[in-house]
Amino acid sequence: GLARAWGSAAALLLAHDGQLSLDTLLTGGGGATVRGFLESAEPDSIGRGALAALTAKAGGMTYPRLLARRIYTPIGAHYTVAGDDGHVDSSVDELYRLALGLEGDVLAGAGGGDDSAGAVTIDWSLGWQQDRHDGRSRLSEFGVAGGRRNAFVRYPDRRVTIIVLTGKDSTDVRGLTDAIADRLFGSRSSP
C-alpha cells in the first residue's frame, strides 16, 4: 500500500512539535532510527508497524486517532482508514488532499506546535523515495496491497502529483506514472 506517506507525515509533525526525535530507535525496527527508516529505500511492514506504535505513543493516542487528528481533519480527509499496525486504506481524492497538505502549511499549523520565528521547516521529502525522472526531482511511493499495485508520485518543483490505484498486480505503475509525467511535462529525452 501507500501507508508510508501517512506515517512519515505523522512522524514529521510530531518531530516538528518536539514530541518525537527523528533519532529515536524503532522498537523491532532492526536497530533503525525514525530518520533511518524514513530515509530507507525499501521500508518493510515491521518498520511501518514500529513507526505507527512509536508515533502513537509520542502523540499520546492510538495511531488511527493520531492520523485523524493531525492529518485527516486538517486536510479534509473523511474516508481514509488506518490500523494500529500502520496499514492505511485511502482513495485518490484523499491522497490528493494529502499532497496539497504537504505543499502548503495546512499540516504544520494543525498540531499546536510552536510555529514562532525561528521554527524549523518540515522536510516533507523524508519518508519518500527520492530520485529524478527525465531530469526532474521526484518523490514517490510505490506499493502493493492485496494484489493491487499503487503509486503516489510527487514532482514538488512543479507542484504536480500523480496518483495511480489499480486493481491488478500486473500493472507497471512506475512505467504508467513515468508516461503520465512525460505527457504532462514533455519528455526531455525525446528526439
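**View 1. Buried residues of helix α6 in the predicted model.** V173, T177, D178, A181 and F185 are the buried residues of α6. These residues lie on the same side of α6, because they cover an arc of only 135 degrees around the axis. Their cover includes strands β3 and β4, together with β5 (148–155) and β6 (160–165).

**View 2. Length and end of helix α6.** Helix α6 runs over residues 173–185 and has 13 residues. At 1.5 Å a residue the helix should span 18 Å, and this agrees with its end C-alpha atoms, which are 18 Å apart. G186 follows α6 and has a positive phi, near 80 degrees.

**View 3. The hairpin of β3 and β4.** Strand β3 (residues 129–133) pairs with strand β4 (residues 136–145) in the antiparallel sense, over 5 bridges. D131 has R138 of β4 as its bridge partner. Between the strands there are 2 residues, and in this hairpin D134 takes a positive phi near 50 degrees.

**View 4. The largest nonpolar core.** This core has 44 residues, and W6, L67, I71, Y72, L98 and F152 are those with the most contacts inside it. At least two residues of the core come from each of α1 (3–16), α2 (34–39), α3 (45–59), α4 (63–75) and α5 (92–103). The largest share, 9 residues, is supplied by α1.

**View 5. Surroundings of F152.** Leaving aside residues up to four places away in sequence, F152 touches residues including L2, A5, L95, L98, W128, L139 and I163. Another core lies apart from the largest one and has 10 residues, among them F142, A151, I162 and F185.

Note on methods:
Residues numbered from 1 in each chain as written. Predicted model: local features only at pLDDT ≥ 70, side-chain atom pairs only at ≥ 80, totals over all residues. Heavy atoms only, no water. Pairing = 2+ DSSP bridges. Helix = DSSP H or I, 4+ residues; strand = E, 2+ residues; numbered from the N terminus. Expected span 1.5 Å × (residues − 1). Buried < 20%, exposed > 50% of the residue type's maximum accessible area, 1.4 Å probe, protein only. Arc of directions from axis to C-beta. Contact = heavy atoms within 4.5 Å. Core = buried A, V, L, I, M, F, W, Y, C linked by side-chain atoms within 4.5 Å.
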